[in-house]
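Hello,

I am passing a structure over to you, and my notes follow below it. Please have a look at it before you read on.

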Amino acid sequence: MDESTLWSTLCRGIESTWPSQRHRGVGVVVGCSGGADSVALLRALHALRGPECAGFLVVAHFNHQLRGDESATDEGFVRQLASDLQSPFECERGDGNQRDEDGARQQRRHFLTRVARRRGCRYIALGHTLDDNVETVLHRLMRGTGPAGLTGIAPFASLGSDAEQTDFVIARPMLSTRRELIRDALREQGISWREDSSNASNEYKRNWIRNQLLPQLQTEYPDPTAAIARAIRGQAQWAECLSSLADRWLESNLVKKTPLVFRAEYPSNDAPESGQAVVVEALRQCWIERGWPLQSMGMPQWDALYRLLIGQGGSALTLPGNVHANLRAGFLTLTQADRR
């Protein structure tokens, strides 16, 4: 590999984030839409692992069937790419009705999980980039996210907290790579990809952020994406410290895990480990462990729950996901009612 090429720069970035010796002999499901980012990730992993490991790279494509013939062509493109790389191919199709961003994302996630389980793969690799990370943080910011939401997308994360999910790891090894570099590297190598025409539509909030907000910011700031990326890195470092304090708070205040019962308390300026940011992070960790819905828990909901815990918000509260909080005799109990 010519070390001076853009393609080699892209591969080195992936290798430094996710060394191939960690996953060369392990099955990896690569989510591939046919777009530039996922095509680059798939081809780079194939090159880094070597052709002898092609059978361990499972190419997975979910066809939402939202764009008619264009969606069908995307599917055919990815199928052919998998064949060219001599990798197994998996595909499922939606009903063509799921236009909600979060709903579509969940469909893909469930599909990739099924493929990983069926194929016995350890990792699910996704082609998210530095630009995606910045757009995600801006999206979360506009929705009123808390400090944890400003840390961006995790490069590696367990699929979930359930026993059946902790064995699977989501890997995003291109989170430090700019979208522009990926496309330039593909052009340099003469590698084709598919362009999703819906990316030009501002119907979706993330597209509006990409197509309208960031270009507008660039008229006043030279490189807002790079600046926000630096802020994300700083926020992630701060979050590590916050997580440690949250663990200490849970050790002192978590009374029971099933149901969740916490010792109610009043905040103290002398005990920073019991401040609102720490307590909210501790509660957020509990939400993740139980698989309760996080996206609907914005700062107003966390604020209300914190006030309830410290005795300043009544005695009961119903939160997104039908999670019920009750304060009684100095203890806060959290339960999730049957959502049926």
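How far apart are the mean positions of the 40 positive and 40 negative charges of the protein? They are 4 Å apart. In that count Lys and Arg are positive, Asp and Glu are negative, and His and the chain ends are left out. Each charge is placed at NZ of Lys, CZ of Arg, CG of Asp or CD of Glu.

A word on the basis of all this. This is a predicted model, in which local features need pLDDT of at least 70 and side-chain atom pairs count only at pLDDT 80 or more, while totals for chains, interfaces and linings use all residues. Residues are numbered from 1 along each chain as its sequence is written, and side-chain values use heavy atoms, with hydrogens and water left out.

**The overall picture**

The protein has 10 helices and 11 strands; these are DSSP runs numbered from the N terminus, with helices (H or I) of at least four residues and strands (E) of at least two. Its radius of gyration is 22 Å, close to the 20 Å that the globule rule gives for 340 residues, so the protein is as compact as a globular protein of that length. The radius is taken over C-alpha atoms, and the rule is 2.2 Å times the number of residues to the power 0.38. Along the principal axes, the C-alpha atoms fill a box of roughly 65 × 50 × 40 Å.

Of the 340 residues, 45% are buried (buried is under 20% relative accessible area, exposed is over 50%, and partly exposed is in between, with a 1.4 Å probe and protein chains only). The protein exposes about 17200 Å², and carbon and sulfur atoms supply 48% of that area; the areas come from the Shrake-Rupley method with a 1.4 Å probe, and for residues only the protein chains shown count as cover. Among contacts (heavy atoms within 4.5 Å) between residues at least 6 apart in sequence, 67% join residues at least 24 apart.

Leu-45 belongs to helix H2, residues 36-49, and is buried at a relative accessible area of 1%. Leaving out residues up to four places away in sequence, Leu-45 touches Ile-14, Trp-18, His-23, Val-30, Leu-57 and Ala-125. Leu-57 is 12 residues from Leu-45 along the chain, and their C-alpha atoms are separated by 8.2 Å.

Glu-75 sits in helix H3, residues 69-84. Beyond four places in sequence, Glu-75 touches His-61, Asn-63, Phe-89, Cys-91 and Arg-93.

**Around helix H10**

Helix H10 (residues 299-309) has Trp-302, Ala-304, Leu-305, Tyr-306, Leu-308 and Leu-309 buried. The buried residues of H10 pack against several elements, including helix H8 (224-253), helix H9 (276-290) and strand E9 (316-319). Just after H10, Gly-311 has a positive phi of about 80°.

Leu-319 lies in strand E9 and is buried, with a relative accessible area of 5%.

**Loops to look at**

- Thr-151 is in the loop between helix H5 (130-142) and strand E5 (156-158). Its side chain reaches the backbone oxygen of Ala-148 at 2.6 Å. Neighbours within four places aside, Thr-151 is in contact with Ile-232, Gln-235, Ala-236 and Ala-239.
- Pro-259, in the loop between strand E7 (254-256) and E8, is joined to Thr-258 by a cis peptide bond with omega of about -10°.
- Gln-65, in the loop between strand E2 (57-63) and H3, has a positive phi near 55° without being a glycine. Gln-65 is partly exposed, at 40% relative accessible area.
- Ala-329 lies in the loop between E10 and E11. Its phi is also positive, about 50°, although Ala-329 is not a glycine. At 70% relative accessibility, Ala-329 counts as exposed.

Best wishes

Technical notes. Polar contact = N/O pair within 3.5 Å; in protein donor to acceptor, adjacent residues only side chain to side chain.
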